[in-house]
Amino acid sequence: MSAYTLRTAANPRPRNRPARYTIAAVIGAVVILIIAGNSLLDYVFIDTIPARATLYGLVAVALIALGTYIQERALNRDPITRRRHLIRAGVLLGLAAMLWLLLSDLFLFAQAAGPVVAAVCALACVPTTAFGLWVVRRIDRNEKEPWRLVLVAAAWGAVVATSLVIWAETFWDTIAANTLVPGPGLDASNAFSAGLFEELGKGAAVVLLFLVMRNEFDDVVDGIVYGAAVGLGFNFMESITYMTNLYSIFSPEGSGGIAAGFQWYARQVLGLFMGHATYTALVGAGIGIARQLPSRRQKVIAIIAGFLVAIAAHFSWDAWLTFFPIETSLFGLVEVHLRTVVMTGPFTAGVIVLLAMGLRNESRALYAQLRKEAAVGAGAVLPAEVDILASPWRRFGERLRALDKGGFGAYVRLARLQTAQLDLAMERWHRERREIDTPLEAEQELRGEILTLRRRAAF
Amino acid sequence: MAAGASDPVRTLYRTLLAYGAFAILILAAGVAEYVHFEPFTSSPGVHAKVVGVYAYDPASRQTSGPNRERFARNEQFAAIVDWSGLPQSITVEAVWYDSFENIVGSVGPGTPDELRDQTIVPAAVPEGLKYHLPGQYIFAVERLDHGRPVEVLGRRVVDVER
């Protein structure tokens, strides 16, 4: 271990790789097989040139596989080699994602409106989705998740989850359209399809983060953050698809822009948090709670419960939307808002309740651990720092003081120190709860790093 | 300390379980809705013959050309139903659904005998629009029970291209 390595994790990587990595590898392999299968089905059954272009999907799969292999190799290397491998893996995975995004989703789904309209729709959704991700990350006030993981989660939602569900939903809906009585029964069937497949596709990302990035997945708050990020990514791609589709439908009538604009508002403003973000946050909440439960049985039940609630929330919107018709008068504008609040609001409120409970638990636990650490007298946390570290606003106030006295560099150094101190408190919390599989010396290393950061942060 | 009786994580867990119970109720309601509108009953051997879907001239109210599965947005089209094979004891209707599941054309409800002169069922362009909406259109001959469609006796699916 080098003398100075900034540790940003509460729960450093264990030396012996736990069994959860095997589960993650199996899930990853299944995902890759489904994606490859989707590409082949596109190629064989969809008789259009863009669909045939989806054979590129196999190239993307190869890039994902190679990137994952290199990332896996990086886990056993020294920090410098690991960094190099991680960068390579990141570039390969990024290339694969971009390929998917540009050629599959935008080209295949948005082809009806043409590339210019698709690009305009995508650009219109970028600021709102970015705002959503910023808010979601900010709500984790004690220990913000790294941007790279939040963005990976959003990219999964936008690129991988959408690709995973295409054929499953298409098959289900085609069979239903050819066998069921059109009307509420068919609506219910399609709603089951959307709720089940889309929540499983999105939830797989949160499950993988839980299995592989355990050191960045502490509790229910983190689960909600990652889940909401996946949902925002999915909502981004779905918004583009619906906007371009409605544009192409209504542009011959002269109202394509209005139709696309209304979709943008409904999905990127009104439904930004009260839609996919809420559904997948519920999946994340279940996994986050499972993270801190003692028995395997309870963990499984919590994860299943999270998925069930998400599927039910999604189902209720898709199945019962038609029971809340919107008038074509001005009052229809009010009805659109009321419908979203009435139908999705209770589920969003449910997420907020779990988030508030999680934040309260986390704050209390960190305060207790900071006090215990200060009492040890190792110097990592000083008694006078406990109250400051326990309060996000007081931490921010201290950083502003540092900025005032030592400039931006001092602000950043103090921020790193505070982050490391909170990581230590988080580490202690997990160890006290027996939720950790790292050796005790990792905690001692973290104390050493904090002392180094303290010296650097002195002003 | 592992999660014990006073563990706040247990409170979270119980809250989630309560949500889960609510979710099961929602999904059960969904299943009940599905079963209500899609009852597990059928009339064995009763099938309506949908002769085909053809180009349609609203002025003459006549169809023309071959049986087709695809139409352009600006083309008018209609289905032809042969009511003769259906028993007179049932109530039926024929309905066109557009890609948004809006009803855009229908005849009935009535007994097959009452509908025998209404063999051509056109799909209409929605009010206020110049063209058909694109997507998959379903033409269904439905058996009604107490005024509610309970079974599809004949079906055709056509695509309206963009």
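The model is predicted: local features need pLDDT of at least 70, side-chain atom pairs count only at pLDDT 80 or more, and totals for chains, interfaces and linings use all residues. Residues are numbered from 1 along each chain as its sequence is written, while chains are lettered from A and ligands numbered from 1 in the order in which they are written. Chain B has 1 helix and 9 strands; helices (H or I, at least four residues) and strands (E, at least two) are DSSP runs, numbered from the N terminus.

**Chain B: overall form**

- Along the sequence, the elements of chain B follow the pattern α-β-β-β-β-β-β-β-β-β.
- The radius of gyration of chain B is 23 Å, whereas a compact globule of 162 residues would have one near 15 Å. This radius is taken over C-alpha atoms, and the globule rule is 2.2 Å times the number of residues to the power 0.38.
- The C-alpha trace of chain B spans about 85 × 40 × 25 Å along its principal axes.

**Chain B: the open sheet**

- Five strands form an open sheet in the order β3-β9-β8-β5-β6 (chain B), and the pairing is mixed. Two strands pair if DSSP finds at least two bridges between them.
- The edges are β3 (70-71) and β6 (103-110) of chain B; each has a single partner strand, so one side of each is left without a neighbour in the sheet.
- β8(B) and β9(B) run antiparallel and are joined by 11 bridges; Val141(B) is bridged to Gly154(B) in β9(B).
- The hairpin of β8(B) and β9(B) has 2 residues between the strands, and His146(B) takes a positive phi near 55° there.
- Strand β5 (residues 91-97) of chain B runs antiparallel to β6(B), with 5 bridges joining them; Val92(B) has Gly110(B) in β6(B) as its bridge partner.
- β5(B) and β6(B) also form a hairpin, with 5 residues between them and a positive phi of about 65° at Glu101(B) in the turn.

- Strand β1 (residues 49-57) of chain B pairs with strand β4 (residues 77-82) of chain B in the antiparallel sense over 6 bridges. Gly52(B) is bridged to Ile80(B) in β4(B).
- β4(B) also pairs with strand β7 (residues 120-123) of chain B, in the antiparallel sense over 4 bridges. Here the bridge partner of Ala78(B) is Pro122(B) in β7(B).

**Contact between chains A and B**

- The contact takes 43 residues from chain A and 41 residues from chain B; two residues are in contact if their C-beta atoms, placed from the backbone, lie within 7 Å.
- On the side of chain B that touches chain A, the elements giving two or more residues are α1 (8-37), β8 (135-145) and β9 (148-160) of chain B.
- Of these, α1(B) gives the most, with 18 residues.
- The residues on this side of chain B divide into 27 nonpolar, 5 polar and 9 charged. Ala, Val, Leu, Ile, Met, Phe, Trp, Tyr, Cys and Pro count as nonpolar, Asp, Glu, Lys and Arg as charged, and the others, Gly among them, as polar.

**Helix packing in chain A**

- Helix α6 (residues 147-177) and helix α8 (residues 220-250) of chain A pack at an angle of about 45°, with their axes 7 Å apart. Axes are lines fitted to C-alpha atoms, for helices over the stretch in contact, and angles run from 0 to 180 degrees between N-to-C directions.
- α6(A) and α8(A) are therefore oblique to each other; angles under 35 degrees count as roughly parallel, over 145 as roughly antiparallel, 65 to 115 as roughly perpendicular and the rest as oblique.
- The residues of the contact of α6(A) with α8(A) divide into 14 nonpolar, 4 polar and no charged.
- α8(A) also meets helix α12 (residues 331-376) of chain A; their axes come within 8 Å and cross at roughly 140°, and the two helices are therefore oblique to each other.
- Val220(A), Val221(A) and Ile224(A) of α8(A) make this contact with Val351(A), Leu354(A), Leu355(A), Gly358(A), Leu359(A) and Glu362(A) of α12(A).
- The residues of the contact of α8(A) with α12(A) divide into 7 nonpolar, 1 polar and 1 charged.
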